[in-house]
Amino acid sequence: MTNIAFFPILLLFLLLTACASDAPTENHDTEVVLRNEALPIITNVETNFPQKEGWIIVPTDRTELNVTVEATNAETLLFWAVPTGTETWGERELIGYDTNEDDGWKLTWDITGKSVHHHVIVQALGSDGKTITDETIKITNE
C-alpha cells in the first residue's frame with residue numbers, strides 16, 4: 001500500500017520541480033532567446049500628415065511622405081510599402097532603410113504621381129542580428 005501512495009507524491013514532486021525550473025530548455029524546432037538579450041522595440045511612428053479614422057491622409061498634390069520612428073535596441077530600420085488587401089506581402093516594395101540612429105530613425109518617401117492606399121510596415125532589426133519587430137501604419141490619398 002505504501003508503494004501506491006508513493007507514486008502520486010513522486011509524480012507531483014517531479015511536476016513541481018519541472019515547472020519551477022528557470023533554465024531554458026532547447027528544442028530542435030525553436031530557438032531560445034535569452035532573457036538578457038534586448039529585443040528591438042518601436043515606441044512611436046509618426047508622419048507629416050494627419051490621421052483620420054486610423055488612416056494617414058496624404059493630399060494628392062503632395063510629393064513626399066516623411067516617417068519618423070522612435071525605436072530602441074535596433075540596428076537597422078526597414079520601410080516597406082505593401083498594397084492593402086489580402087495576402088499582399090509578396091507585392092511589397094522596399095521604400096527605404098535607415099542604419100543611423102544618431103540623427104533619428106526616419107524616411108522620406110517620394111510619392112510624386114503615386115496613388116497610395118498602402119500599409120507602410122516599419123521593421124526594426126535587433127542589434128543582436130536575430131530579432132525583429134514591426135509596426136504598421138495605413139496611408140491613403142484624399
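Trainee: Which residue is the bridge partner of isoleucine 42 in β4?

Mentor: Alanine 71 is the bridge partner. Before we go on: this is a predicted model, where local features need pLDDT of at least 70 and side-chain atom pairs count only at pLDDT 80 or more, while totals for chains, interfaces and linings use all residues. Residues are numbered from 1 along each chain as its sequence is written, and side-chain values use heavy atoms, with hydrogens and water left out.

Trainee: What makes β1 and β7 edge strands?

Mentor: The open sheet has the order β1-β4-β7, with antiparallel pairing. Both β1 and β7 pair on one side only.

Trainee: Why is tryptophan 80 called buried?

Mentor: Buried means under 20% relative accessible area, exposed over 50%, and partly exposed in between (1.4 Å probe, protein chains only). Tryptophan 80 has 15% relative accessibility, so it counts as buried. Tryptophan 89, at 37%, therefore counts as partly exposed.

Trainee: Why is the pair of tryptophan 80 and tryptophan 89 called tilted?

Mentor: Rings of Phe, Tyr and Trp (its six-membered ring) pair if their centres lie within 6.5 Å; planes under 30 degrees apart count as stacked, over 60 as edge-to-face and the rest as tilted. By this rule the count comes to one aromatic pair. Its ring centres are 5.7 Å apart and its planes stand at 55 degrees, so the pair of tryptophan 80 and tryptophan 89 is tilted.

Trainee: What lies over the face of tryptophan 80?

Mentor: Arginine 92 does, at 4.9 Å from the ring centre. The rule asks for NZ of Lys or CZ of Arg within 6 Å of the ring centre and within 35 degrees of the ring normal.

Trainee: Which residues does tryptophan 109 contact?

Mentor: Contact means heavy atoms within 4.5 Å. Leaving aside neighbours within four places in sequence, the contacts of tryptophan 109 include Leu65, Ala81, Val120 and Ile139.

Methods: Two strands pair if DSSP finds at least two bridges between them. Helices (H or I, at least four residues) and strands (E, at least two) are DSSP runs, numbered from the N terminus.
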